[in-house]
Amino acid sequence: MHAGMNITLTKPLILRYFLLSLILSLPFFLFLFLPLLSPPHQHHRHATITTITTTTYNNNLRIRPGYSSYDAYIQRQLNKTLNPRLRKIWNTRDWNRKIPVFARFFEDLKGKKLLHKGSKALCVGARVGQEVEALRRVGVSDSVGMDLVPYPPLVVQGDFHDQPFRNGTFDFEFSNVFDHALYPERFVAEIERTLKPNGVCVLHVVLSRRADKYSATDLYSVEPLAALFKRSVLVHVRGVNGFGLDTEVAFRKNTPP
């Protein structure tokens, strides 16, 4: 009887020691395994982009000064993306006005064999997903957008300087926010990384004037843009009327020998 009582009394004590050891060991296990659970190419962003560095381009591609840190740059972009007045416009007036125009752009690209119904497509810097909706309306159903602020189900969260996707994920990538890239070479490198071989990137850019006040980059000719695409060839250039953007440029990623 006394032995049974001793066993009964020690069970809570054993349980307390077990829970205490589990709590104390939790940080160790998190340290070991949390990096393995992070999405590919996402967990290292703050380790690699923490300060602003200056890259010199020619006069046809200029990076605007004034950011004290990468976080300051991101906050300025968020000031636009999270602006309640702008988000209301994007979801109402602009939604009905822009989607048909984007759809015509994409239909033209289909006609040029740069986009297909079976393409897996990404819209970079998609805000509330107007471009994604346009792609789906022209039959490119496997389409998604990416932006700093997600907008489910059309747009997932991601930084275009460090896309949260695996290498060779997409057949087609579209963006009209090149002027918002603080690091143009990294913006382009991430597109090329996540494109499949023979995949196509289409950018709408403005060449005739400075971009808007939230932009970080000003581009005045196609040549410096083409020079950033190290693994692709320029296949298409035309003038467009793309809501303040005047030029459409397309690149096709090289196929490995």
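The largest nonpolar core of this predicted model has 35 residues. Within this core, the residues with the most contacts are Y73, F160, F178, F187, L203, V205 and L225. Several elements give two or more residues to the core. The helices among them are α3 (70-81), α7 (184-194) and α8 (222-228). The strands are β2 (121-124), β3 (143-147), β6 (195-205) and β9 (245-253). In soluble globular proteins, nonpolar side chains tend to be buried together. Another core, of 29 residues, lies apart from the largest one. Its residues include L86, I99, A103 and A134.

Neighbours within four places in sequence aside, Y73 is in contact with Y67, F160, H161, H180, A181, L182 and A216.

The twelve residues of α3 should span 16 Å at 1.5 Å a residue. The end C-alpha atoms are 17 Å apart, which agrees.

Charged pairs were examined next. The structure holds 13 salt bridges. One of these joins D94 to R97, with the closest N and O atoms 2.9 Å apart. Both residues belong to helix α5 (residues 93-111). They are three residues apart, about one turn of the helix. D94 counts as buried because its relative accessibility is 5%, under the 20% cut-off. R97 has a relative accessibility of 42% and therefore counts as partly exposed.

A second salt bridge, between K120 and D142, has its closest N and O atoms 3.6 Å apart. This pair links distant parts of the chain, 22 residues apart. K120 is in the loop between α5 and β2. D142 is in the loop between α6 (130-137) and β3. Both partners count as partly exposed, K120 at 27% relative accessibility and D142 at 39%.

E248 lies in strand β9 and R238 in strand β8 (residues 232-242), so the pair ties together parts ten residues apart in sequence. E248 is buried, because its relative accessibility is 0%. R238, with a relative accessible area of 22%, is partly exposed. Salt bridges also form a network: through shared partners they join R93, D94, R97 and K98. The D94 and R97 bridge described above connects two of its members.

The loop between α5 and β2 also contains S119. S119 is buried, with a relative accessible area of 5%. Leaving aside neighbours within four places in sequence, its contacts are V140, D142, D171 and F172. D142 is therefore in contact with S119 and in a salt bridge with K120, while it counts as partly exposed because its relative accessibility is 39%. S119 and K120 both lie in the loop between α5 and β2.

How values were computed:
Residues numbered from 1 in each chain as written. Predicted model: local features only at pLDDT ≥ 70, side-chain atom pairs only at ≥ 80, totals over all residues. Heavy atoms only, no water. Core = buried A, V, L, I, M, F, W, Y, C linked by side-chain atoms within 4.5 Å. Buried < 20%, exposed > 50% of the residue type's maximum accessible area, 1.4 Å probe, protein only. Helix = DSSP H or I, 4+ residues; strand = E, 2+ residues; numbered from the N terminus. Contact = heavy atoms within 4.5 Å. Salt bridge = Lys/Arg side-chain N within 4 Å of Asp/Glu carboxyl O. Expected span 1.5 Å × (residues − 1).
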